[in-house]
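Subject: Structure for your review

Dear colleague,

Please find below the structure that I am handing over to you. My notes on what was found in it follow directly after.

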Amino acid sequence: MQRTQTRRTPFRVLALAAAGVLLAAGFAVTTPANAAQEELVVNGGFEDGTTSWFSNNGNAADGAALASTTDAFSGSQAIRATERKTTGSGPMQDLSGKLQAGQTYTVKARVKYDNPASPATKQFFVTMHYGGGTYTNLGSATPARGEWGYVNSTFTIPATQSVATTRLFIETPWTSAENAAAAPATHLLDFTVDDVSLVGAAPPAPPSKTIEVVGKLPGEHNPLMGHKFGADGYGFVHDGRVYMYMTNDTQGYAPDSNTGVSPQINYGAINQLTLISSDDLVNWVDHGEIQVAGPNGIAPFTGNSWAPGIESKVVDGKEKFFLYYANGGGSSNVVTGDSPLGPWTSERTSTLINSSTPGAQGVNWLFDPAPLVDDDGKQYLFFGGGPASTSFPAEERFNNPKNIRVIELGDDMISTTGTAAVVDAPVAFEAAQVFKRGEKYYLSYSSHFGGNDFGGNQPRVPGYPGGGEIGYMISDDPMSWPKEAYAGVMFPNQSQFFGAGTGGNNHQSAFEYEGKFYFSYHAPTLNKRINGNTTQGYRSAHLQELTFKEDGTVNQVVGDYAGVEQVRDFTPFRTFEAETLGWTKGIATAKIDGGSTEFGDSAPNLVVKDIDNGDWTGLSSVAFGENGAATVTVTAKVKPLQSGGKIDVRAGSATGEILGTIDVTGAAGQWTELSTDLTGATGTQDVYFTFSGPTGDLFEVDTYAFSEAEAAPSLDVAATASVRCIAGKAYVAVQVTNNDETAIAADLSSSFGAKSIASVAAGKTASHVFTTRQANLSAGAVAVTATATVAGQEVQSQLDAAYPAHSCG
């Protein structure tokens, strides 16, 4: 039996005592309901020391010291809890994500105490903390002093119990802090624990994040990805390639397996950034996620990573890359990389922008950091947003909230210098970003929607942005942005272009690539194609070209699914990542160990996975060239997961002509390279890899490579034949002319015999006459085989020297 209690109530002792009696009597023991049972506790025997264990910290007052001890029930080690501050203080392990409501589990543990001043017997509980004030005693034991007690209990988690948080720990019966302090040997005694076990249903499989619909339609270039989400896109150009850094909206995506609908996005849980890149702006390589924040993040002192911005600069003679991000709304930070793909490290141990940053006071949201390195080498960071200061008059709060700042960065790019200056962007909300064109600086930003945070329903200054639009300003000085610098609306709200379910705020960037400017923004268009007009806030990055009027102001951007033109054709004759994606259906991507074949050992390597029958990927405008006589071969590096899978390479569409088929063979779970020749791989055409096979995951794909077979070397040789008559009989005269640069041998074969010519020097001609003994000769040909050694390789050329019919009568 289990008892669920709210911590620290006077009734807890009685409830625990009752639970102990019932458990001892065996009333709690039931048969486990699940056939698939597994051990869910990690290092329950403590042979790895205190790994995976920590002291219960469910309440601020809880605390204890945990250490390994050789006084073990079994094996070589156990764990000992000392310096306990409360009766609930003891070894704890976080099992969140491993348990399921309504399922039955068996918990076991050994526990011992040996303080002579403690009672002769003492009760101990194994307890589950479900978060907040909800604690459930799962089982208990009451050993004698110096002896090992044994907890062995089976329990069922109520079907209505939330299991978002499940933390298992060992404790003694509750008493008040005053009572515990008055008799520590009774209530706060040291104790030892060994062989903790929780066996039951295997952890629930995580919801599939794979997007099964075609979210980016073939021929369309927006959104940039059809297999995952990404928001706040920040475009960065380096060495002829565009990198797009985004907030990882996919992190919280968890569609219901029956309805396909995910819960609303939880921005507070996002601590990763997503990165893709392209050199043609249509086929994008998925570089995966960057674990920036959180306990396992590059900068674990931050909890979130939103709205990235990036710049590069040569520091101490080496080019470095600086990736800025919002740590929620309260601060911003930066991590450093050796390339646009990382690897990334944190040179700071605290946030870069926070409430102590000079000039940042009065800014509610210290987020959305956007860097700018100017032509003169100076560097700046734009940040801020959120509600306007309540000290402003209501109309000023609405029209000129003064909630964005710009500050100079230090030469190291990871520190600030001086005081932040106010950016007086009209109707500003967030998302400031600056680019330079000629000698002018352009600052774009997202406008607010009004409401009490901005002074209520106030008259809008004519020409100022409406709610959720991208306004912009033009300045001669990156540190000076008075309201008079406002130039208009760069981009209306995205719902104007994509319809119901796509409204809300936006976040943009602008960048120059190969002589053109481009504008990135986001909209929940992929989310809309999955669920219709009712979206859950999962956003996708888009691109449009950004053009300018003669006076330097921008032509307002029009959003559409068509997107930008492809900058160049895709070059296939190389090894490239299979996660280079123009269009997709039903696939996912994931990182694997090792570096990237295409981008180097220090770059992350991803594969295409979750491949089922009927899934596919597509590439836009693949340039094979016009040599139709050449043989094109495609090679795929694949890992079979079952037998019977195959990859069809198709032209034009996912149902187009099959150019060739790769039968995916080999040992399951082992990477192998498989090839096939293609027929019709000529010109420039869209290419699709379509996948088929039995039910279930078929295989994973790491890379593709197209290769063009070199044309076989040939000899520049000519052969002619003519017919003459001698004494009423015909004869055939053959001439072999060697126009090549090396000597050849020639073998002549006719109906009248054969002849071998050992050598015909370069530029020379050799002749031979075949006697026919016929007065009337029908038309025919002499077969000539020319042979030579070229670059150590024997090369042959076949020729026919034709002759006409002839009569010698």
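Arg773 lies in the loop that connects strand 48 (765-771) with strand 49 (776-777); strands, like helices, are DSSP runs numbered from the N terminus, with at least two residues (E) for a strand and at least four (H or I) for a helix. Although Arg773 is not a glycine, its phi is positive, at about 60°. With a relative accessible area of 69%, Arg773 is exposed; on this scale buried means under 20%, exposed over 50% and partly exposed in between, computed with a 1.4 Å probe on protein chains only.

Please note that this is a predicted model, in which local features need pLDDT of at least 70 and side-chain atom pairs count only at pLDDT 80 or more, while totals for chains, interfaces and linings use all residues. Residues are numbered from 1 along each chain as its sequence is written, and side-chain values use heavy atoms, with hydrogens and water left out.

The domain assignment, whose bounds come from an automatic or database source, gives domain 1 (37-201), domain 2 (211-555), domain 3 (575-708) and domain 4 (717-807). Between the C-alpha centres of domain 1 and domain 4 the distance is 98 Å.

One disulfide is present in the structure, the term denoting a pair of cysteine sulfur atoms within 2.5 Å. Its partners are Cys725 and Cys808, with sulfur atoms 1.8 Å apart. The pair links distant parts of the chain, 83 residues apart: Cys725 belongs to strand 44 (residues 717-726), and Cys808 to the segment after strand 52 (806-807). The torsion about the S-S bond is about -80°, so the disulfide is left-handed. Cys725 is partly exposed at 36% relative accessibility, whereas Cys808 is buried at 16%.

Strand 17 is joined to strand 18 (residues 318-327) by eight bridges. In the loop between these two strands is Asp316, which has a positive phi of about 55° without being a glycine. Asp316 is exposed, at 80% relative accessibility.

Val314 stands opposite Glu319 in strand 18. The side chain of Glu319 also makes a polar contact of 3.2 Å with that of His238; such a contact is a pair of N or O atoms within 3.5 Å, where within protein one must be able to donate a hydrogen and the other to accept it, and residues adjacent in sequence count only if both atoms are side-chain atoms. His238 lies in strand 13 (residues 231-238) and is buried, at 14%.

Two cis peptide bonds may also interest you. One joins Asn222 and Pro223, with omega about -5°; the other joins Gly342 and Pro343, with omega about 0°. Pro223 is in the loop between strand 12 (191-201) and strand 13, and Pro343 in the loop between strand 19 (331-337) and strand 20.

Yours sincerely,
A colleague

Technical notes
Pairing = 2+ DSSP bridges.
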